[in-house]
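Please read the following with the sequence and the model side by side. The text begins with terms and then goes from one element to the whole chain.

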Amino acid sequence: MSTRIAFLKGHGTENDFVIVPDPENAVDLSPAAVATLCDRRAGIGGDGLLHVVRSAAHPEARHMAAEAEWFMDYRNGDGSIAEMCGNGVRVFARYLQRAGHVSEGDTAVATRGGVKTVHIAKPGAGGSAEGDITVGMGKALLPEGDVTVGVGGRSWPARNVNMGNPHAVAFVDDLAHAGDLLSPPRFSPAAAYPDGVNVEFVADRGPRHVAMRVHERGSGETRSCGTGACAVAVAAARRDGLDPAVTGTPATYTVDVPGGTLVITERPDGEIEMTGPAVIVAEGEIDAEWLVHAARGQV
């Protein structure tokens with residue numbers, strides 16, 4: 001490991017990430033090291049970490065190298081591995097653009113949830129100074145079976161939606177009913193989510209316009225969740241009797257998150273597109289020796 005490790009900090013609708021460029025997959029990012037970097041007091045701070053690796057250099061992504069040069073090796077803030085992060089993909093693409101690896105237009109990013117198509121708009125498009133970024137998020141799976149989530153003394157029926165990672169979407173009268181979301185909300189049956197679940201609480205704001213709060217497994221409440229916003233839009237559409245595969249017409253929902261607004265469109269072929277901003281706010285270097293000792297609790 002080199003004595004200095006480059007990093008950047010970015011966010012998508014205030015879902016924030018530490019970015020570690022590592023094209024050849026040479027940096028040892030143990031779960032403890034990732035958790036240290038994401039610690040908001042002892043580290044840089046972030047909801048998660050974006051490890052930027054060439055697909056051909058990572059054993060989990062080599063099979064995707066022909067489709068996508070770059071692999072988003074995403075980690076939750078606690079150091080655990082996640083399949084996919086929608087806001088993270090947009091920030092990942094913004095980094096690739098900043099670094100000169102890609103330019104405006106379409107590109108592909110490999111993730112554990114498959115290869116995602118990304119479109120980087122021209123500056124000013126969508127109201128963003130750098131141009132909003134649209135991500136093809138794939139299709140939603142809607143597993144059968146009833147699911148319930150709960151916080152405190154309240155509980156609600158929830159819609160089970162899988163966006164490459166698991167979600168439970170509950171519609172509530174007031175977002176405050178979700179409590180502080182510091183601890184994972186209860187869910188049942190346990191068999192529905194053997195590896196844990198992201199839980200979204202959703203309130204209506206107008207026609208095809210909702211607001212949400214989310215507890216992301218491994219991170220707690222975050223200011224935004226891209227896959228969660230997609231899951232919410234799909235759940236809201238089905239609740240409203242809309243299925244683009246049946247109607248032949250795309251369904252678009254505006255989803256307000258604490259950190260901003262995302263626009264989600266489900267097409268008749270089932271593909272879901274998410275559009276929103278992505279911003280790089282800082283860059284610097286980490287002392288590799290500090291990181292090793294910090295991850296061991298020796299600082």
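Helices (H or I, at least four residues) and strands (E, at least two) are DSSP runs, numbered from the N terminus. The model is predicted, so local features need pLDDT of at least 70 and side-chain atom pairs pLDDT 80 or more, while totals for chains, interfaces and linings use all residues. Residues are numbered from 1 along each chain as its sequence is written, and side-chain values use heavy atoms, without hydrogens and water.

After helix H3 comes Gly241, which has a positive phi, near 80°. Of the 14 residues of H3, 13 are buried, meaning under 20% relative accessible area with a 1.4 Å probe, protein chains only.

In total the protein has 5 helices and 18 strands. Of its 299 residues, 51% count as buried. The radius of gyration is 19 Å, in agreement with the value near 19 Å for a compact globule of 299 residues; the radius is taken over C-alpha atoms, and the globule rule is 2.2 Å times the number of residues to the power 0.38. Along the principal axes, the C-alpha atoms fill a box of roughly 55 × 45 × 35 Å.

Contacts (heavy atoms within 4.5 Å) can also be sorted by sequence separation. Among those between residues at least 6 apart in sequence, 60% join residues at least 24 apart.

Technical notes: Buried < 20%, exposed > 50% of the residue type's maximum accessible area, 1.4 Å probe, protein only.
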